[in-house]
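Work through the two exercises below with the sequence and coordinates at hand. Each task is followed by a solution in steps.

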Amino acid sequence: MAGSTRTAQSRKHYLQAAGLIAPALIALAIVIGYPIVRAIMLSFQGNKRLNPTTGLFEEGAFAGLDNYLYWITNQCMSTTGQATTCPDGVIATDFWPALKITLFFTVVTVVLETILGMFMALVMNGEYRGRGLVRAAVLIPWAIPTAVTAKLWQFMFAPDGIVNSLLGTHIAWTTDPFYARLAVIIADVWKTAPFMALLILAGLQMIPRDVYDAARVDGASRVQTFFSITLPLVKPALMVAVLFRTLDALRMYDLPVIMISSSSNSPTATISQLVVEDMRQGHFNSASALSTLIFLLIFAVAFVLVRFLGADVSGRNRMKKEKNS
């Protein structure tokens with residue numbers, strides 16, 4: 001009897017919890033789920049093509065994987081429906097260069113922001129007078145809108161800007177491919193490193209002070225304390241910060257567009273720029289296919305970080321360890 005009563009109470013609590021979260025789940029399904037499903041459906045339909053007989057644009061029927069092959073293999077369709085290699089100047093020819101640039105930006109910026117964010121978090125975690133002012137000052141770049149940040153750095157990297165004036169050089173920061181990418185990396189690291197520092201700081205504040213006191217009594221140096229205590233204990237928060245920043249960097253769009261160029265063949269063009277450019281040309285179906293490819297790429301990166309590198313986003317692993325201990 002007691003067991004059945006306990007089961008009934010458990011079922012009641014479950015139904016109450018389900019009723020409370022149901023409105024949020026329904027809203028997410030409408031706001032997030034429908035656009036994803038709609039984009040996938042559009043990706044399997046053909047773009048509007050010019051009918052040589054009528055001279056009108058007609059909506060393509062089911063296209064299968066044609067839109068995906070358009071990007072991956074640079075395969076275009078002629079007016080007769082035959083598959084041909086895309087000529088130079090077609091936006092699909094910019095896909096692989098844009099993908100390489102996106103991955104390059106992601107790896108470089110995340111590594112630099114992790115190192116700089118860890119340093120900034122250690123400084124903000126210290127005990128000294130004026131710590132609150134330091135934390136507020138560090139977070140200012142992150143609080144500035146990305147469009148404002150891009151314009152700010154664009155003025156600084158202008159041919160007669162402050163960067164060339166301080167260095168005494170005449171570097172073409174916005175036109176030379178190498179320096180244009182370097183400029184985007186510098187601006188992105190300056191803006192987003194405080195975000196990494198904020199997430200890492202939350203992990204540092206969870207470390208008990210008793211652990212550091214014990215290490216100090218044992219004669220451990222600061223370097224030994226960092227690698228033996230701080231880094232292992234802050235790893236869960238660090239991996240979550242790396243995960244969030246990596247997923248955000250893979251979607252980079254506004255910073256290179258405003259700083260350098262919105263062209264799809266720009267030296268800093270990312271795959272998100274190709275989606276917008278393709279939509280501006282009226283190719284919503286192939287743009288949906290590229291958006292789906294970006295979604296799959298982000299999903300794969302998130303799966304690797306969560307599954308193999310220990311990014312415990314939900315906190316489930318920590319709860320298991322606490323339960324076992």
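A polar contact is a pair of N or O atoms within 3.5 Å; within protein, one must be able to donate a hydrogen and the other to accept it, and residues adjacent in sequence count only if both atoms are side-chain atoms. The model is predicted: local features need pLDDT of at least 70, side-chain atom pairs count only at pLDDT 80 or more, and totals for chains, interfaces and linings use all residues. Residues are numbered from 1 along each chain as its sequence is written, and side-chain values use heavy atoms, with hydrogens and water left out.

**Exercise 1.** Describe the surroundings of S264.

Step 1. S264 is placed in the loop between helix 11 (254–259) and helix 12 (271–280); helices (H or I, at least four residues) and strands (E, at least two) are DSSP runs, numbered from the N terminus.

Step 2. The relative accessibility of S264 is 12%, so this residue counts as buried (under 20% relative accessible area; exposed is over 50%, partly exposed in between; 1.4 Å probe, protein chains only).

Step 3. Leaving aside residues up to four places away in sequence, S264 touches I91, D94, A269, L274 and E277 (contact means heavy atoms within 4.5 Å). With D94, the side chain of S264 makes a polar contact of 3.1 Å.

**Exercise 2.** Locate and characterise the disulfide.

Step 1. A search of the whole structure gives one disulfide (a pair of cysteine sulfur atoms within 2.5 Å). Its partners are C76 and C86, with sulfur atoms 1.9 Å apart.

Step 2. C76 belongs to strand 3 (residues 75–77) and C86 to the loop between strand 4 (83–85) and helix 3 (95–125), so the pair ties together parts ten residues apart in sequence.

Step 3. The torsion about the S-S bond of C76 and C86 is about 110 degrees, so the disulfide is right-handed.

Step 4. C76 counts as buried at 11% relative accessibility, and C86 counts as buried at 6%.
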